[in-house]
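Dear colleague,

I am handing over the structure below, and my notes on its side-chain contacts follow it. Please read them with the structure open beside you.

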Amino acid sequence: MKIVGAQVEIVEPFIREYEEQAIYTIKDVKQKKQPVYLVVKRCFDVAASGIAGMVLLLPMLAIAALIKLDSEGPALYKQERLGKNGKPFMMYKFRSMKVDAEANGPQWAGKDDDRCTRLGKIIRKSRLDELPQLWNIFIGDMSIVGPRPERACFYEEFE
């Protein structure tokens, strides 16, 4: 028993030192690579959202016009969301619901939600209502790769 205990006392400091070096090395690598990754990611976001925005500008104008013809109210809908580190920002979408859709407070949309407009059902199914978010990506509020920003009320519920 004493020999085993002595072996543990000798080996343990070496293991601890190795673990500290390994952890330091992993952190060091992450710190060195992260700024490069973030710059490349941001350049990709700006380029992709800029090009997509220019290519889709006419279809987006057509969708906005159709929304105005389909129902009263603005074509764009803005909503506060939480971004990186809980920073709030305004996210833009095409309006797919009636103007007073959240008169009774925030709520999840159902499958056949009666708050949706006729055109709104189509643009929600095809995800065309998300196209204005290209602007949020372009200005840096969101990223193409990353978690979806949520509303503060739902964020607290998830926590």
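Tryptophan 135 and phenylalanine 138 sit 3 residues apart in helix α4 (residues 133-139), so about one helical turn separates them; helices (H or I, at least four residues) and strands (E, at least two) are DSSP runs, numbered from the N terminus. This is a predicted model, in which local features need pLDDT of at least 70 and side-chain atom pairs count only at pLDDT 80 or more, while totals for chains, interfaces and linings use all residues. Residues are numbered from 1 along each chain as its sequence is written, and side-chain values use heavy atoms, leaving out hydrogens and water.

The structure holds 1 aromatic pair (ring centres of Phe, Tyr or Trp, the last by its six-membered ring, within 6.5 Å; planes under 30 degrees apart are stacked, over 60 edge-to-face, the rest tilted). The rings of tryptophan 135 and phenylalanine 138 have centres 6.0 Å apart and planes at 25 degrees, so this pair is stacked.

There are 3 salt bridges, each a side-chain nitrogen of Lys or Arg within 4 Å of a carboxyl oxygen of Asp or Glu. Aspartate 70 pairs with arginine 118, their closest N and O atoms being 3.1 Å apart; aspartate 70 lies in helix α2 (residues 57-70) and arginine 118 in helix α3 (residues 118-125), so the bridge ties together parts 48 residues apart in sequence.

Lys93, Asp129 and Glu130 are linked in a network of salt bridges, with N-to-O distances of 3.7 Å for lysine 93 and aspartate 129 and 3.6 Å for glutamate 130 and lysine 93.

With kind regards
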